[in-house]
Amino acid sequence: MKHTVLFLATLTLYLSGCTAVNVQPVSPKNRITHVLIRENPRVPVTDFLDVLVEGFERHGISTKIVPESADFGNAYVVTYVAFQRWDLGTYLADATIGIQMNGRRIASAEYHLRNGGGLSMMKWQSTKAKIDPVLDKLLKDY
């Protein structure tokens, strides 16, 4: 009986898929008004950068996209990586966003679609629908 319950619980998690979000928000003491977003050309999720820019600006933080090789000086720098999976089409499965100042990480956020989303229809949500709540947690004091 124990094995049957454990099997059914595991099967349910796989079929439904689960989203894991881990956020270390920006402290209000940082008083961020502008960030440089370090462009990551290796990210295959075509609308990820647009969603990132819109999210920061929605929280009153202006943005500037800069190339990977730029000199960042004393600025707040946002880095990101995002991965997609394929299941009859591509969808966002994992993302990490970091904010650094002088090479020191001051905040971070991770989005992970467990089991690739399983059979859950939620995996087909847009990048914006998935990442906006993550950015809202990351920038909750702005």
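Trainee: What share of the accessible surface of the protein belongs to carbon and sulfur atoms?
Mentor: Keep in mind that this is a predicted model, in which local features need pLDDT of at least 70, side-chain atom pairs count only at pLDDT 80 or more, and totals for chains, interfaces and linings use all residues. Residues are numbered from 1 along each chain as its sequence is written, and side-chain values use heavy atoms, with hydrogens and water left out. Accessible areas come from the Shrake-Rupley method with a 1.4 Å probe, where for residues only the protein chains shown count as cover. The surface comes to about 8,400 Å², and the share of carbon and sulfur atoms is 56%.

Trainee: In what order do the elements of the protein run from the N terminus on?
Mentor: Helices (H or I, at least four residues) and strands (E, at least two) are DSSP runs, numbered from the N terminus. The protein has three helices and six strands. Their order is α-β-β-α-β-β-β-β-α.

Trainee: How many of the 142 residues, as a percentage, count as buried?
Mentor: Buried means under 20% relative accessible area, exposed over 50%, and partly exposed in between (1.4 Å probe, protein chains only). By that rule, the buried part of the 142 residues is 39%.

Trainee: Which aromatic pair does a search of the whole structure find, and is it stacked or edge-to-face?
Mentor: Rings of Phe, Tyr and Trp (its six-membered ring) pair if their centres lie within 6.5 Å; planes under 30 degrees apart count as stacked, over 60 as edge-to-face and the rest as tilted. The search finds one pair. Its centres are 5.6 Å apart and its planes at 25°, so Phe-48 and Tyr-80 are stacked.

Trainee: Which elements hold Phe-48 and Tyr-80, and how many residues apart are the parts they tie together?
Mentor: Both Phe-48 and Tyr-80 are buried. Phe-48 lies in helix H2 (residues 48–58) and Tyr-80 in strand E4 (residues 76–86), so the pair ties together parts whose separation in sequence is 32 residues.

Trainee: What covers the buried residues of H2?
Mentor: The buried residues of H2 include Phe-48, Leu-52 and Phe-56. Contact means heavy atoms within 4.5 Å. Their cover includes strand E2 (34–38), E3, E4, strand E5 (90–101) and helix H3 (127–138).

Trainee: Why does Ile-32 count as buried?
Mentor: Ile-32 is found in the loop between strand E1 (18–24) and E2. Leaving aside neighbours within four places in sequence, its contacts include Val-26, Ile-61 and Tyr-142. Ile-32 counts as buried because its relative accessibility is 3%.

Trainee: Where is Arg-31, and is it buried or exposed?
Mentor: Arg-31 has a positive phi of about 50° although it is not a glycine. Arg-31 is found in the loop between E1 and E2. With a relative accessible area of 68%, Arg-31 is exposed.

Trainee: Which residue meets Glu-68 in a salt bridge?
Mentor: A salt bridge is a side-chain nitrogen of Lys or Arg within 4 Å of a carboxyl oxygen of Asp or Glu, and the structure holds five. For Glu-68, the N to O distance is 2.9 Å and the partner is Arg-42.
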